[in-house]
Each structure stands twice: as structure tokens, then as C-alpha cells.
Amino acid sequence: MIDQTTLEYVGYGAAALTTLAFLPQLVHTMRTGKTEGLNLAMYVTFIAGVSLWMVYGVAIDSVPMMVANTLTLIQAFIILSYKIRNDVLRSATQARQCGF
């Protein structure tokens with residue numbers, strides 16, 4: 001059986017890796033502003049899921065889970081805001097081109 005301290009370190013390791021996994025997409029999106037390849041439904045669903053993981057982490061008092069999900073939510077919301085902004089701008093441009 002793994003002792004509680006070791007298990008806590010495993011949690012922090014998992015938190016670090018899953019949070020860092022979003023960093024390349026965030027940096028790419030912020031540098032290029034391009035979001036055409038990102039699926040809006042996926043990001044909305046992902047944010048809902050991470051929010052539920054956050055609630056679960058609070059309920060079981062898991063600091064690694066709370067930290068990881070907070071940081072992941074921040075990154076995902078930034079990417080989602082770029083996606084929504086770009087989709088709105090793209091729709092407005094297309095409407096103007098069609099004479100609306």
C-alpha cells in the first residue's frame with residue numbers, strides 16, 4: 001500500500017503534467033490568434049468536466065486536484081475566449097460579405 005505522503009506527491013505530479021499539457025495550445029493560440037482548428041463544443045464540454053472535477057477536489061479536500069483544475073480552467077477559458085471572439089468576428093465578416 002502506498003503511504004499518504006507518496007500518494008500526495010503522485011497527485012501533484014499528475015496535476016503538473018495535466019496542467020502543463022494545455023500550455024502549448026495556450027501559447028500557440030495567444031501567439032497566432034488562430035482557432036479555426038479548435039472545436040467549440042469540445043472546449044465547452046471540457047470546461048464543464050474540469051469544473052466538476054474542481055467541485056470533487058474541494059469535496060474531498062484534495063489540494064493537488066484543486067490546484068490543477070484551477071490552472072487548467074484558467075488556460076481553457078483563455079483559449080475559449082479566443083475561440084468565441086474569432087468565431088464572432090468570422091461570422092460578422094461573412095455577413096458583411098453577403099451584404100447583411
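Trainee: Hi! Starting with phenylalanine 22: is that residue buried or exposed?

Mentor: Phenylalanine 22 is buried, at a relative accessible area of 12%. Buried stands for under 20% relative accessible area, exposed for over 50%, and partly exposed for anything in between, using a 1.4 Å probe and protein chains only. Keep in mind that this is a predicted model, where local features need pLDDT of at least 70, side-chain atom pairs count only at pLDDT 80 or more, and totals for chains, interfaces and linings use all residues. Residues are numbered from 1 along each chain as its sequence is written, and side-chain values use heavy atoms, with hydrogens and water left out.

Trainee: Got it. How many aromatic pairs are there?

Mentor: The structure has three aromatic pairs. In one of them, phenylalanine 22 and phenylalanine 46 are stacked, 4.8 Å centre to centre with 25° between the planes. Phe, Tyr and Trp rings (for Trp, the six-membered one) pair when their centres lie within 6.5 Å; planes under 30 degrees apart are stacked, over 60 edge-to-face, and the rest tilted.

Trainee: Which parts does that pair tie together?

Mentor: Phenylalanine 22 sits in the loop between helix H1 (4-20) and helix H2 (23-32), while phenylalanine 46 belongs to helix H3, so the pair joins parts 24 residues apart in sequence. Helices are DSSP runs (H or I, at least four residues), numbered from the N terminus. Phenylalanine 46 is partly exposed, at 25% relative accessible area.

Trainee: And why does the pair of tryptophan 53 and tyrosine 56 get its label?

Mentor: Their ring centres are 5.8 Å apart and the planes stand at 80°, so that pair is edge-to-face. Tryptophan 53 and tyrosine 56 are three residues apart in helix H3, about one helical turn. Ring pairs also link Phe22, Tyr43 and Phe46 into a cluster.

Trainee: Switching topic: what makes up the largest nonpolar core?

Mentor: Ten residues, including Phe22, Leu38, Tyr43 and Ile79. A nonpolar core is a set of buried Ala, Val, Leu, Ile, Met, Phe, Trp, Tyr and Cys residues joined through side-chain atoms within 4.5 Å.

Trainee: What is leucine 38 in contact with?

Mentor: Leaving aside neighbours within four places in sequence, leucine 38 contacts Gln25, Thr29, Tyr43, Ile79 and Lys83. Contact means heavy atoms within 4.5 Å.

Trainee: What about the surface? Which residues form the nonpolar patch?

Mentor: Tyr9, Tyr12, Val63, Val67, Leu71 and Ile74, with about 560 Å² of accessible area together. H4 provides the largest share, four residues. One of the patch residues, isoleucine 74, is partly exposed at 47%. Nonpolar patches join side chains of Val, Leu, Ile, Met, Phe, Trp and Tyr within 5 Å, using residues with over 30% relative accessible area and no salt bridge; areas come from the Shrake-Rupley method with a 1.4 Å probe.

Trainee: Last one: what is the phi of aspartate 61?

Mentor: Aspartate 61 has a positive phi of about 60°, although it is not a glycine. Most residues other than glycine have a negative phi. Aspartate 61 lies in the loop between H3 and H4 and is exposed, at 60% relative accessible area.

Key. Helix = DSSP H or I, 4+ residues; strand = E, 2+ residues; numbered from the N terminus. Patch = residues over 30% accessible without salt bridge, like charges linked within 9 Å, V, L, I, M, F, W, Y side chains within 5 Å. Salt bridge = Lys/Arg side-chain N within 4 Å of Asp/Glu carboxyl O.
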